[in-house]
Amino acid sequence: MVVTGTQQCMDGLDEDNCEELEYNECQENEYRCKDGSCIAEQYWLDGEFDCSDMSDEQSTSEHNMDSERCPLSSSRFNCDEITAGLEYFACGDGRNCFFCEYQWHSADPSLWTLANGHCVDKVVMEKTLTEMNESEKCVFFLKCKLMHITSADCGHAIHDFPTLCKDKKINYPTGPFFKPYGQTIYQINTPQSSNEPTYLHFDGTIKCIGYQALWKRDKTLVRWRDFIKYYPFDIFFCRFAQQINMYGPQFDKNCWNSTKQSFLCQESHKCISKYRVLDNIHECFNSEDEKDPQGCQAKGKHQLSCLFEIPICLSTFQIGEMFPNCDDGNDIYIIQLSRLLEDFKCKISNSIECRLLKDHIQSPSVVLTAYRGATITFRQFCDTLWDLPKGFDESMCNQWKCPKDQFQCLSGHCVSLSSVKKQELNDWHCPDASDKAGLFRIVKLSAHNARLINNYELETIKSERLLYNTWFDAFNIFCNRTLEYPCILANVNEPLNFAVNRPCINLIRIGDGVIDCYGGLDERNVLSCGNNTSQQRGFDFHCSNEQCIPYSQHCTQRCSNNADTLLCDQLPALTTLSCRDSQKLSCDANFGDECKPSGIDEFYCDNSRSSRRRSRPYRHSGWQKRETFVHLSAYPQSQEIVSPNVAQLQQRETIDIYSNVLQTQQDDGEEGWICGRGIATRTNKIGAMQCFCPPSLFGEYCQHFSDRITVIISLYDIPSKLSEQSSNIIKILALLLSDDQTIDHRVIHLPMILSKDLNKKFRFNLIHQRPKLSPKSYTIRFEAYYVSIDLSIKFLAVWEYAVQFPFLPSYRLAQVLKFEKESIFLMKSHICQTANPCGPSSICHPIMNKLTNISAFYCYCNSNSFGKICEHSFSRLSLPINCSIHAVLRPLSLSTSICLCPAHLYGPTCHINHTCEYRNPCGAGRGKCFHNPENMTHDYICVCDKKYFGYHCEFDSARIRINFTKLSFVQSPSNF
């Protein structure tokens, strides 16, 4: 929980140096995470979370559920390596510091807190009721009430303990769980509408802006309800502190604004980066950060700009959510394609969804030309929505056949039956309005529509619509709605002289391509607006064939030929003051008598778009993903598909079942929880519990987090001469260095048989020493080796990255290791070209990610030396490791070294053969076995012949045989 912007330690020790991260700037080829850290730009919107705060991808229900499972899950990389709310994590170190019963969100289930601080989804009696003392009984009673459980054990407590506990103030949990200075207290006899505590006890000190705040533990209690009115919570502590120390640990009173792009939250005692200003995330008390009239001041190229009263800049995880952040709907719609962004979830790297989202954020102007028509399906034709320029997909629909569950317009288009039944008059979908105003043209149902609705239902809808029109129609006194559509006429001299120019047109003139209504309302689903040929006109105002005024800009932007004078000047002048809205038509859906003629102020209003949402796209509510389910008959299974090798499958089933048993024991049993995210085992001799911890944790119960580097890397631009050799492997040696001293290392492999999987990422930890060395410079080096099937191991390239924030206990490096072309290196006056700084029998190499620095180099030492310039020599016999004769010995110091194994061997000293070397698990003649050192459970990959498939090529592929008999040709084949 270090550097989260919230103090979790006394005096905010966990937030020391946090301004370095908060105000950090990334390189041009990097993506800036919300917390200020940087990842490779290629990892932005690739379907996988790489920022520790998960701000590089869209927020999905799957990722939210994933975080919520962390308290109940076993060892999982994602749970240890993300920045998330305190509510999702337990201590598990024997301290009852986690509060599982508290519901942070109303939809979350309450859990039960064990004595070791972990959560389970059931009541666990760690003592019998008779063994509990008075205080323990009241805590047990409180936990039962908080979980709303009335099982046998809780039932006895709830029945027997109310009198015992009713006047007691119960400290629960026993230590602070959400703030280092706050102890929560419950009082049983106080009515509780939720799981919230009754009081807080303050004790401690924290940093405030310009001073240190102090509260001493005494009898003073703060009501929880008073406390939570303030956000962030530290505001309360700072504002009402019992004592203030002007010389104690504190935040800079000017927010480092002389050197940083900072923003001071005056009321919140908080400093934030300008990247957080106007991002629609309320960081400051009273939303100070969301009220800057200048708009977002530090827009990154990976943020989406849109309007929310004033310009705001949204991060990736805020795009495509169910509820919009932008007034213009730019964060939930791809307006150019008439699509909802929630239908375009980026889940697979470089998919059309990911590319589309990137373009929508960075270059929205290219979206239309790049993607229009790229994904149009058969069912998108004649559905009344434009998917091709000028609505080409909606033309020539007279003979179209609609799906059985859709209503067919008189024009031949297909709409949902619900569209016909709704009473909104101006919200028609059929181009000819035959689902709404033009429904009266249907005298007899077609055979298709008769299967959806009967004549009685049709006449009932018509009758209801006439009644509705009587009340909600500006011109109901002028027009016969069974034959006419009411509107102010276009192309007449006195359009408001209704005695001469009745405001009515025949229903058959709707959608005929000719503008009969003022502004073009009758052709809203047929014509486009000006030069915008990708969208239907809707309620945009037609000035001329070249100019059109968007609905949101009516009477603000004006027609150059004054065609909107009637709408913007004459109509408001006719209406009474009570019905005007700043000289504009009100569009308040009020058809009362305050406006004369009645309801005339609603004439040009789209009631599906409120005044707040006038800039939303026309018909946006119909842009949901359109899917059609086609039921196909079952394809007969080939009689030649053979059964898999039973012995192999039984072996795999045994492994899977055993794994599930271990998981069940670990998750359900109290003893399984004792090791936190580690694995609990029993020793054979005395039956004592022993914990095996993952690299990120250590301690007797895996209760402590290791100081570590979280590494996420992938390879890019692998030379074709390497990737074409499918039997070979690229080996990466990752080293954590401090002043050229190796702290930790990790070896990973990419078999060339998988090299076409360009999205493959490697995720692992490099662990610091314990205790961690005092803050100093750290470097992470990656050395690439090419491992050939002929047993040779050749050095390829090297990359080096500085650890940017060494004060962080968990630093994340997410980079792409790119193989630069040799010509780039050879063209430069690099030190390896002009002078060899390395020792004898060693080779100087440029550092791939520092080619612009002609002084950056790496010395690849021979087998008898090591050091920055290979200055240290050693004897192979002096090292305490006995590598295989086929391996490469890589010394790390005078006393430590590692063995780099050839393709067919593995193990610490490379003496163990891989599976492919002593048997072929892929079946004789069915497939070829390739080494896969990254997977120790199955250290091989089967590449099957096209006739077979399966993990071990155990299945025969189904085949279709086509036989031609009695062939005859109109012409001789020789004439073709």
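**Core, sheets and disulfides of a predicted model**

Phe-227 touches Phe-178, Leu-200, Phe-202, Val-222, Phe-233 and Phe-236, leaving aside residues up to four places away in sequence. The model described here is predicted. Phe-227 also stands out in the largest nonpolar core, which has 43 residues. Trp-112, Phe-202 and Phe-227 touch the most other members of that core. The largest share comes from H4, with 7 residues.

The protein chain has 976 residues, and 49% of them are buried. Its secondary structure comprises 19 helices and 48 strands. Among contacts with a separation of 6 or more, 49% join residues 24 or more positions apart. The accessible surface is about 49200 Å². Carbon and sulfur atoms hold 52% of that surface.

Strand pairing was examined next. An open sheet is built from 4 strands in the order E32-E31-E34-E35, with antiparallel pairing. Strand E32 (741-751) and strand E35 (793-802) form the edges. Each has a single partner strand, so one side of each lacks a neighbour in the sheet. Neighbouring strands here are turned by 20° against each other on average, direction ignored. Strand E34 (residues 779-787) pairs with E35 in the antiparallel sense over 9 bridges. Within this pairing, Ala-784 has Ala-797 of E35 as its bridge partner.

A parallel pairing occurs elsewhere. Strand E30 (residues 708-716) and E36 pair in the parallel sense over 9 bridges. Ile-709 has Tyr-811 in E36 as its bridge partner. Strand E36 (residues 810-818) has 7 of its 9 residues buried, so the strand is largely enclosed by the rest of the structure. In general, strands of a sheet pair through backbone hydrogen bonds, either parallel or antiparallel.

The structure contains 27 disulfides. One of them joins Cys-255 and Cys-271, with sulfur atoms 2.0 Å apart. The torsion about this S-S bond is about -80°, so the disulfide is left-handed. Cys-255 lies in the loop between strand E11 (243-245) and strand E12 (262-265), and Cys-271 lies in strand E13 (residues 270-273). The pair therefore ties together parts that are 16 residues apart in sequence. Burial holds at both ends. Cys-255 counts as buried at 1% relative accessibility. Cys-271 is buried too, at a relative accessible area of 15%.

A second disulfide links Cys-382 to Cys-397, S to S 2.0 Å. The S-S torsion is -90°, and the link is left-handed. Both cysteines sit in the loop between helix H10 (367-371) and strand E18 (406-408), 15 residues apart. Cys-382 is buried at 2% relative accessibility. Cys-397 is likewise buried, with a relative accessible area of 2%.

A further disulfide is formed by Cys-916 and Cys-929, whose sulfur atoms are 1.8 Å apart. The torsion about the S-S bond is about -70°, so this disulfide is left-handed. Cys-916 belongs to helix H19 (residues 915-918), while Cys-929 belongs to strand E45 (residues 927-931). The two positions are 13 residues apart. Cys-916 and Cys-929 are buried.

Most residues other than glycine have a negative phi, and most peptide bonds are trans. Departures from this pattern are listed here. A cis peptide bond joins Tyr-172 and Pro-173, with omega about -5°. Pro-173 lies in the loop between strand E5 (169-171) and strand E6 (182-187). Another cis peptide bond joins Arg-770 and Pro-771, with omega about -5°. Pro-771 occupies the loop between strand E33 (762-767) and E34.

Phi of Met-396 is near 55°. Met-396 is found in the loop between H10 and E18. At 70% relative accessibility, Met-396 counts as exposed, whereas Cys-397 is buried. Phi of Cys-555 is near 65°. Cys-555 lies in the loop between strand E25 (548-549) and helix H14 (565-574).

Methods
Residues numbered from 1 in each chain as written. Predicted model: local features only at pLDDT ≥ 70, side-chain atom pairs only at ≥ 80, totals over all residues. Heavy atoms only, no water. Disulfide = S-S within 2.5 Å. Buried < 20%, exposed > 50% of the residue type's maximum accessible area, 1.4 Å probe, protein only. Pairing = 2+ DSSP bridges. Contact = heavy atoms within 4.5 Å. Areas by Shrake-Rupley, 256 points an atom, 1.4 Å probe, with all protein chains shown as cover. Core = buried A, V, L, I, M, F, W, Y, C linked by side-chain atoms within 4.5 Å. Axes fitted to C-alpha atoms, helices over the stretch in contact; angles between N-to-C directions.
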